[in-house]
Amino acid sequence: MFEADENRPLTKWKENALRNDAWDHQCEVFVADEVPLLEDAYQQAEAAGFQYALADTHGGLSELNNIIVASSDFLLVPTMLTPLDIDEALATYRYIIELLLAEALQTHTAILRQRVPIGRLTVSQQAANDMLELLPVFDVPMYERDAFAAMKQRGMLHMTVANMSHTPAMRLMLRNNRHALDELAMIGAFVEKRLEG
């Protein structure tokens, strides 16, 4: 994972995960919040044999973000079903499209709805959801689940599930986390399918 966000959320996530024995060492975080660091991170990752790279960009327009977007095979634009978040997502989506057109590039791009209520949507949430359906959007949203909210503190979800499976008192929480893991698998399958086709 290439961390271009200067707030270092991925580094903090890894630190928390290591404390909880919930970090998969087949994954690594490379600080890449400047162009030379991104180039160095790419070389290190390639030398280590990594086949996939995920980049967390930082907010705003920058040469670094332009390089990341132009170098990507798939672009994911996250949003929640609120007017403010959707405005931000649409601005990001427009920036991506304009950059790809200017560079004559074709890259799969889709919007991922996050923190979607499991139950019934409000009228405004439904209107926002309907509007997003007009754009390329992930088939499956990320529902508002404790499993996702707690990942920052607990660590990688699949490792958390493995750790919980050894503790009988965690049976109910384990079931909810497994359900979240199944949803993530569907999101991953969506990305794989787009990359293949």
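Predicted model: local features only at pLDDT ≥ 70, side-chain atom pairs only at ≥ 80, totals over all residues.
Which hand, left or right, does the crossing of α8 and α9 have? Residues are numbered from 1 along each chain as its sequence is written, and side-chain values use heavy atoms, with hydrogens and water left out.

Helices (H or I, at least four residues) and strands (E, at least two) are DSSP runs numbered from the N terminus. Helix α8 (residues 157-164) packs against helix α9 (residues 171-196) at an angle of about 150°, with the axes 10 Å apart; axes are lines fitted to C-alpha atoms, for helices over the stretch in contact, and angles run from 0 to 180 degrees between N-to-C directions. The two helices α8 and α9 are therefore roughly antiparallel (over 145 degrees). Their crossing is left-handed, a term used if the near helix is turned anticlockwise from the far one by less than a right angle. In the contact (heavy atoms within 4.5 Å), residues of α8 including Leu157 and Val161 meet residues of α9, among them Leu174, Arg178 and Leu181. By class, this contact of α8 with α9 has 8 nonpolar, 3 polar and 1 charged residues, where Ala, Val, Leu, Ile, Met, Phe, Trp, Tyr, Cys and Pro count as nonpolar, Asp, Glu, Lys and Arg as charged, and the others, Gly among them, as polar.

The axes of helix α3 (residues 63-71) and helix α4 (residues 83-102) come within 10 Å and cross at roughly 70°, which makes α3 roughly perpendicular (65 to 115 degrees) to α4. Asn65, Asn66, Val69 and Ala70 of α3 meet Tyr95, Ile96, Leu99 and Leu100 of α4, and the residues of this contact divide into 6 nonpolar, 2 polar and no charged.

An open sheet is formed by 3 strands in the order β2-β1-β3, with parallel pairing; two strands pair if DSSP finds at least two bridges between them. Strands β2 (30-31) and β3 (55-56) stand at the edges, each with a single partner strand, so one side of each lacks a neighbour in the sheet. Strand β1 (residues 2-3) pairs with β3 over 2 bridges, and Asp56 in β3 is the bridge partner of Glu3.

Key:
Parallel < 35°, antiparallel > 145°, perpendicular 65-115°, else oblique.
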